[in-house]
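Please consult the sequence and coordinates alongside the text.

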Amino acid sequence: MATIALLLELPRSGRRRFATAGIAVVAATFFALIGNEALVDRMLVAAFGTVPDPVFATPLLALTLQHLAIVAISSALTIAVGLPLGIWVTRESGRDFHDVVSAAVDFGQVFPPIAVLALMFPIFGLSPASAVLALFLYGLLPVVSSTVAGLEAVSPAVIDAARGMGLGRFRILLTVELPLASAVILAGIRTSVIINVGTATVAAVIGAGGLGLSIFTGISTDNSGNLVEGALAVSALALVLDGGLAVLASWLAPEGLES
Amino acid sequence: MITLEHITKRYGDHVAVDDLSFEVADGDVAVLIGPSGCGKTTTLRMINRLIEPTSGRILIDGTDATTLKPEELRRHIGYAIQSVGLFPHLTVAENIATVPKLLGWKPARIRARATELLDLVGLDPSQYAEKYPRQLSGGEAQRIGVARALAADPPVLLMDEPFGAVDPLNRDRLQVEFAKIQRELKKTVVFVTHDVDEAIRLADKIALMRLGHLEQYDSPEAVLDHPASKFVHDFVGADAALKRLARVRADTVMRTDVPVAQDGAAAVAIAAGQTARFIYLTDTNGALEGWLDRSVLERGTPLVDAATRIDWREAAIGPDASLKEALSRMLALGYRSVPVVDDAGRLLGDVSLADVERTMEAGDAHVAEPGEEAPGSTDVPAAADAVGE
């Protein structure tokens, strides 16, 4: 308890360094555990009396890396499209499209990813591309809406002063608006990535692999070991990523905004 | 020099500014004032093209502002606004560096300039340069806002109610400081306010606007004494004579041949040969310490009791203080005169209630500047250089 109290007294840079070290240790532990198939199996036997079916058992580490790759690609796409889209609808040229884009992005999230997979199947077939596309659409909402919210929260006085001093629109966006909106935007990206980690389990349905494979195998063969192994790995992965992104955001946040 | 020629701004059917023409001479402060919606801020923002006029021309030192790129134009015009708009993610020094950086100044020059400007606005550079805006009080933020506007030493300064968001005490202090800085830098300033007292205090010329029209463009004295319309008269208020006091500096009316002594005994000796009731007491450096009341002394009161000890920082005014301040100091402290001292507290003279009264009666007498009409003249001193376009 005393240690925790002491930590809260640390200046922000100290807390930040501590959190970074902490999340690095947790991530290392996670991968060490995932990589040690025998140890995981022993723990599952102890807990459930069942062992993951060796017939379907792709190594857990390989599934995790597959999962991560699907999340990374779809999230990168989400950010690459969502961020510019959010910026555009807050500019003069795109303001008219604000509501249309919001509605489209909302629709992307309420449309079930599994349905997207079904729709994409005839086009992409049994390829991870369908899964990536489904996840991309699903994760767009938090990125776009947080970009819009962050940019709209920048004080008009600050922008007026910037314009009055002769900064061009693009320079104002890059050096004033985005830094000031960065905390909100990063929070949105974080949400989007974490949602993707969970949702990416559906990729297994079309044979794109990932930790979903372990879960679906467990369901279809009535093997709790496989099921729990996959589910726990997904949750742990989500927690590690969430912590990592939180730490990243704290390093990226402009210093002057600290409260 | 800033010249507005037949400037009109329309928003659909609404005419925000209607055929406005006036000129601001180099080194002058022109204050745009009027009720809300009179077009004063719109006018200001057309000068640096944050708003484009519907018709008319704006010349800055003879150059048509529309021939320049808006960003280029703005980098050479200082801009300070009521809400300040400091960049919250940048330090004070980085905020001040904004325009110099855009102009490609070398880092060393930018740093030196930031230090110089913080000194100018009365904030210790070593203490403030690395602070963030959220660590500043309202008054400090306004000062940084002004410093930032002055950063690249622009000849022209646009200020939109720059002291509007601070408390009255701070506003007063900021006005005094701004007047002092302006005496030194001689910028050509266009200043928007809705505060008549602020306008009278800071303006060389007041542009009184109403519904997009210019009602009167003249010196504060002329606006006070000879309002061009009933609207102007009503707007500046019925206490024009009192307001005029804000335009008169203490050192232009103070009596300088006041009896002074360095200690009580010397004061008694002087008092014996004097008709003046009060003798000022100073220390060996000439700094004001108090005064001796001869009438009290004559009643046989011991010397120590007849002397009034004061702190000159509280009971005296500076030579550049206005008669309005002199009067309020007299009322606050309950005396009929107030000593005038320099920065070190050295006695320069005093201003009495009688001096103030005389100034109010004489009208323009004490505000006349060299080259204007003689004191006591009934002519309007500044009428000669009114708009006249």
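Among contacts in chain B between residues at least 6 apart in sequence, 60% join residues at least 24 apart. The model is a predicted one. The secondary structure of chain B consists of 19 helices and 16 strands, and its C-alpha trace spans about 80 × 50 × 30 Å along the principal axes. Of the 389 residues in chain B, 44% are buried.

Two antiparallel strand pairings of chain B share strand 13, as tabulated below.

| Strand pair (chain B) | Sense | Bridges | Residues standing opposite |
|---|---|---|---|
| Strand 12 (residues 278-282) and strand 13 (residues 288-293) | antiparallel | five bridges | B:Ile279 and B:Leu292 |

Strand 12 and strand 13 of chain B form a hairpin, with five residues between the two strands. In the turn of this hairpin, B:Gly286 has a positive phi of about 90°.

The remaining topic is the interface. Here 17 residues of chain A are in contact with 22 residues of chain B. On the side of chain A that touches chain B, helix 8 (156-164) and helix 9 (169-199) of chain A each supply at least two residues. Helix 8 of chain A gives the most, with six residues. By residue class, this side of chain A comprises 10 nonpolar, five polar and two charged residues.

Notes. Residues are numbered from 1 along each chain as its sequence is written. Chains are lettered from A and ligands numbered from 1 in the order in which they are written. This is a predicted model: local features need pLDDT of at least 70, side-chain atom pairs count only at pLDDT 80 or more; totals for chains, interfaces and linings use all residues. Two residues are in contact if their C-beta atoms, placed from the backbone, lie within 7 Å. Helices (H or I, at least four residues) and strands (E, at least two) are DSSP runs, numbered from the N terminus. Ala, Val, Leu, Ile, Met, Phe, Trp, Tyr, Cys and Pro count as nonpolar, Asp, Glu, Lys and Arg as charged, and the others, Gly among them, as polar. Two strands pair if DSSP finds at least two bridges between them. A residue is buried if 20 or more other C-beta atoms lie within 10 Å of its own, exposed if 12 or fewer, and partly exposed in between; C-beta atoms are placed from the backbone.
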